[in-house]
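Subject: A structure for you to explore

Hello,

I am passing on a structure that I hope you will enjoy looking through. Please open it first, and then read my notes beside it.

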Amino acid sequence: MRHSRRRSFALQVDHRGARVAVPHGTSVAAAEDFVRMHGRWLLARLSAQQAQADVQRFVMADRAEFPLLGRAARLCILQSGRRVQWRLAADGADEIWLPASATTAQFVRALRTRAIDWFRGRVEEYCHRLGLPLPEVRLSSARTRWGSCSSRSGIRLHWRLIHLEPALIDYVVAHEVAHLLEMNHSPRFWSVVERLYPGWQDARRRLRVQGGRLPLIDARDLTPVIQED
């Protein structure tokens, strides 16, 4: 427990464990009550963090494999050339061709470009089902959320969703598109999700499991993503 000048309580989880920040003068009992109120969230974060500890860091090497849309894709490092290219291999696997001088940042940029093209098409599809215009779609690197929706800024989707199978991406997209009608998590909101994505409960469970197993490509992605929004 850490006392500070803040006026509200805050619960955080990082590599050191769980911490609660409270205003000066707050009793231990009051802090414990706050933690109990957010017990489910805290346990989910700790569980996801434990799963993340078992995840392998991705090492950029020729023929290294990484997940793309739920399938194994390959990184091919070329000794000549400067362009970054996506190719379809003879065995049907996606390959990204990078020059030998390429950095992890360039690799991530290529993944983000692939992601925004895919995400925008899926958002358009689900908006069409509700008769809604396509909002602005942008990428996110949020620390704990797969997506977000705002009436002003549109829909944001975490770029790392591109690693997951299309069915799980679609669940997150449907979730955020449903917010265009219901900016809450009320029963009405979940009924819209059900209309867009029947059986979303199973996808939600699988998302939380598979999302914690993604390879660590960017060092800034150490915090596991565990919530839709």
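Let me start with a pair of helices. Helix α5 (residues 187–196) packs against helix α6 (residues 200–210) at an angle of about 95°, and their axes are 9 Å apart. Here axes are lines fitted to C-alpha atoms, for helices over the stretch in contact, and angles between N-to-C directions run from 0 to 180 degrees. The two helices, α5 and α6, are therefore roughly perpendicular to each other; that label covers 65 to 115 degrees, while under 35 counts as roughly parallel, over 145 as roughly antiparallel and the rest as oblique. On the α5 side W190, V193 and E194 take part, and they meet W200, Q201 and R204 of α6. By class, the residues of this α5 and α6 contact are 3 nonpolar, 1 polar and 2 charged. Contact means heavy atoms within 4.5 Å. For the classes, Ala, Val, Leu, Ile, Met, Phe, Trp, Tyr, Cys and Pro are nonpolar, Asp, Glu, Lys and Arg are charged, and the others, Gly among them, are polar.

A word on the source: this is a predicted model, in which local features need pLDDT of at least 70 and side-chain atom pairs count only at pLDDT 80 or more, while totals for chains, interfaces and linings use all residues. Residues are numbered from 1 along each chain as its sequence is written, and side-chain values use heavy atoms, with hydrogens and water left out.

**The chain as a whole**

The chain has 6 helices and 10 strands. Both are DSSP runs numbered from the N terminus: helices are H or I with at least four residues, strands are E with at least two. Its C-alpha trace spans about 65 × 45 × 30 Å along the principal axes. Of the 229 residues in the chain, 45% are buried. Buried means under 20% relative accessible area, exposed means over 50%, and partly exposed lies in between (1.4 Å probe, protein chains only). Among contacts with a separation of 6 or more, 50% join residues 24 or more positions apart.

**More on the helices**

Which residues of α6 are buried? They are W200, A203 and L207. Seen down the axis of α6, these buried residues fall within an arc of 55°, so they line one face of the helix; the arc is that of the directions from the helix axis to the C-beta atoms. They pack against α4 (166–178) and α5.

Helix α5 has another partner to look at. The axes of α3 and α5 come within 11 Å and cross at roughly 110°, which makes α3 roughly perpendicular to α5. Y126, R129 and L130 in α3 meet V192, R195 and L196 in α5. This contact of α3 with α5 holds 4 nonpolar, no polar and 2 charged residues.

**The cores**

In soluble globular proteins, nonpolar side chains tend to be buried together. A nonpolar core is a set of buried Ala, Val, Leu, Ile, Met, Phe, Trp, Tyr and Cys residues joined through side-chain atoms within 4.5 Å. The largest one here has 50 residues, and F66, L161, Y171 and V177 touch the most other members. Helix α3 gives the largest share of this core, 11 residues. Beyond its neighbours within four places in sequence, F66 has contacts that include F58, W86, I96, F107 and L111. There is also a second, separate core of 7 residues, with L11, V20, V22 and F34 among them.

**A few single residues**

Most residues other than glycine have a negative phi. R63 is not a glycine, yet its phi is positive, about 75°. R63 sits in the loop between α2 (39–53) and β4 (64–68) and counts as partly exposed at 47% relative accessibility. L69 also has a positive phi, near 55°. L69 lies in the loop between β4 and β5 (71–78) and is buried, with a relative accessible area of 14%.

Finally, find L134 in the loop between α3 and β8 (137–140). At 41% relative accessibility, L134 is partly exposed. Leaving aside neighbours within four places in sequence, L134 is in contact with R120, V123, E124 and C127.

Happy exploring!
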